[in-house]
Each structure stands twice: as C-alpha cells, then as structure tokens.
Amino acid sequence: MRAATRRGSRLPPVVWDSLLPALLLLNVVTTRAPQELPVAVALTAALALPLVWRRRAPLAVFGAVAAAAFVQWLTDVQLPADVALLVALYTAAANSGRRGALVAGAVVEAGVLLACLRWAPEGAFLTPFVAVTAMAVAAAVLGVNVRTTRAYLAAVEERAARLEREQEQQARLAVAEERARITREMHDIVTHNLSVMVALTDAAVYAQHRSPDRTTTAMLQVSETGRQALTDMRRSLGILRTDEPDAQRHPLPGIGQLETLADQMCAAGLPTRLEVHGDRTHIPASAQLTVYRLVQEALTNALKHTPTGTRATVRIRCSTGTVTVDVTDSGPRPPLPAATPSGHGIPGMRERAAAYGGKLQAGPLPGGGWGVRTRLLLDSSGAESA
C-alpha cells in the first residue's frame, strides 16, 4: 500500500482528475438501455469531461458543468454524472475568492431547487431538497476550508522564510561585529607593543656606546615585549581557535595586569603612576579587559604623541556598579585627526566604552596635558550592551 501510494503521488494531477469522468462514462455505458445510450453518453461527457481541467480554470469548468446540468434538466434526463456539479462547486470554492464561492453556491442551489421541483416524488419535496442542499453546502464548506488551509500554510512558509532571512542577517551582523572586535584587539595589541618596541630600540641605539649594559637591558625588554605581543595575539584569537594552547593557559588581561603595563611604559620612556581604588574582584573579566585596553590605548597615544619627559597617571576607581577610568599625561600634543578610521584609536576606545554604557571624554586638560576619562556601568543594561 505504501509503495502504491508513493507511485500514485508521482502521477500528474490530470491523471487523477480523469478518473471520475472515466468511471461515470463507464457507468452510463454499462447501465443504460441502447435507445437511451447516445443522449446519456453525450450528457455524461458534457458533465464529467470538463473536470479534467478543473485545477487550471475552476470557474470556467464550473460554468461548463452548470450549463450541461441545465441542458440535462431541460431534456428531463437523470444521470449519476450530476455528482460532477458538486465536484466543480468544491473546486471553485477551493481555488477562487469568497465572491466566486458564493456565486457558485447560489447557482448550485438554484439547480437543486429546479431538480427537486421536477424529479422529487409527489408530496416528498422537502426531504430530497434538504439532502441535496446539505451535500452542496458540504462541498462548498470543504472547498473553503481547503482554501483557508492553503493560505495559512503559505503564510507559515512565508514567515519561516522571513525568519530564516532574519537569522541569516543576524548571523552576518554577528560576524561583522566579531571582525570589528578582533580588529580592535589586534590594533590595540600591535600598536601598543610596536610603540614600546620602537621606543626601546631608539633608547638602545642612543645608549649603545655610552652604556652597553643599558643597551642590553633595552634589547632584552624589546624581546620580552615581542613575546608578550605574540601571547596577547594568541590569547585574543583563542576565542576563534579553541585548540590554541596559549589562549587556554593565560587569562585575558585585566586590572591586575595594569601594574605590569605601567612598568612596561616606564621602561619605554613614559614614567607612569598607577592608582587603583576599590575592590575589583566583583568586576567581570570582559569589563576588566575593556579597562585594560582603554588604559593601554591611552598610554600608547601618550608615548607616541608626547615629548620626552612626559609623565602619565592612571587612576582606576572600582565601585559596586561602576568602574571609572582616568588617564592623564603632562605632555602637550595637538588633537588627534578627526578622520581616524572607526574601530582604531580614540573611536575604538569610544566603542569599547559604549559597550558598557560609558561616554569617553578625550582632549586637552585646562592646566595642560591630555586626559582620557570614562565610566563603565556594570549593571544589567551595561552587561546587555556588552
């Protein structure tokens, strides 16, 4: 049965639509008297054969069947092929709008009335009229239900397709955001470490003749800075490569690593004083990474854009719901170009701060020097933004 059903489902719809006309013609050929056969066959063919095209033109087929049924009524011939009128009504209701279904139903009901007036037994008009009317109503209601079900399934499919498109768009946005995050991380790591390495190399070149020991120390610090840059890059890319062993061994940098960063900046020629107030143990690792990157970028800018002798101060204040970052330096420098690409430098710092509901303030200080200040929110809104 299952194999037969599968094979039958592969047949074109016109084959199934031809079965009922064929059965009706076979019935009239085998049951009618020879003298009645020509008229019966002609009327049966007129009633049943249009059903072969009922899916292509439902209203036209209904009109043809209704016209044949009217001719049958005029010739006063009763045929089993009258069931074709119910099939045509069902098809019209299932494939046309409400107005077409109502018109087809009215036509069929008029035919039912005429048929019962002519062929109902005397004194028994009501019973056949109600019975045939019920069959017509059932055919029309079944067709309307099929049309409604098709419309519902089409709406569900369209909604599923729309949701799939939205999911694809969200996936593309997530990829773009991840790329932007990686770009920011790589910019901060590479810019900071290269700036420190350049400063140390310049100091080593300057001191190579006067103080070889200091030159050796500076070059060792260059090597250590390069290794640290590689470690930071592996650590940042470890989210993408879960098999990266170095990213699993070392946690992401946070407030606890700011002291090492300050020492590194001092060795590169930017004396840096660090002040951390409050308990930082409750601050999430992602927020601590943001604090570290903000301080790192601010100190790197100070190292690149200020003259020798500039001093920097980093103040971190940790409270229950906020973290305040304040980085100042004493060296004069012109404002950074406003056309800095988004995701690098100060624009990148603003994006990091905005992820935690903070607004970054960066600019010259009234008493001289440069300052970078922001406050990160650790409440639910800030966490959702991050």
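**Figure 1. Contacts along the protein chain.** Among contacts (heavy atoms within 4.5 Å) with a separation of 6 or more, 68% join residues 24 or more positions apart. The model is predicted: local features need pLDDT of at least 70, side-chain atom pairs count only at pLDDT 80 or more, and totals for chains, interfaces and linings use all residues. Residues are numbered from 1 along each chain as its sequence is written, and side-chain values use heavy atoms, with hydrogens and water left out. The protein chain contains 13 helices and 5 strands, assigned as DSSP runs numbered from the N terminus (helices: H or I, at least four residues; strands: E, at least two).

**Figure 2. The salt bridge between E158 and R162.** In this pair, the closest N and O atoms are 2.7 Å apart; a salt bridge requires a side-chain nitrogen of Lys or Arg within 4 Å of a carboxyl oxygen of Asp or Glu. Both residues lie in helix 7 (residues 126–207), 4 residues apart, and are therefore separated by about one helical turn. E158 is partly exposed at 40% relative accessibility, and R162 is partly exposed at 33% (buried, under 20% relative accessible area; exposed, over 50%; partly exposed, in between; 1.4 Å probe, protein chains only).

**Figure 3. The network of R273, E275 and R315.** Salt bridges with shared partners join these three residues into one network. The closest N and O atoms are 2.0 Å apart for E275 and R273, and 3.4 Å apart for E275 and R315. The latter pair links distant parts of the chain, with E275 in strand 1 (residues 272–277) and R315 in strand 2 (residues 312–318), 40 residues apart. E275 is buried, at 18% relative accessible area, whereas R273 is partly exposed at 43% and R315 is partly exposed at 22%.
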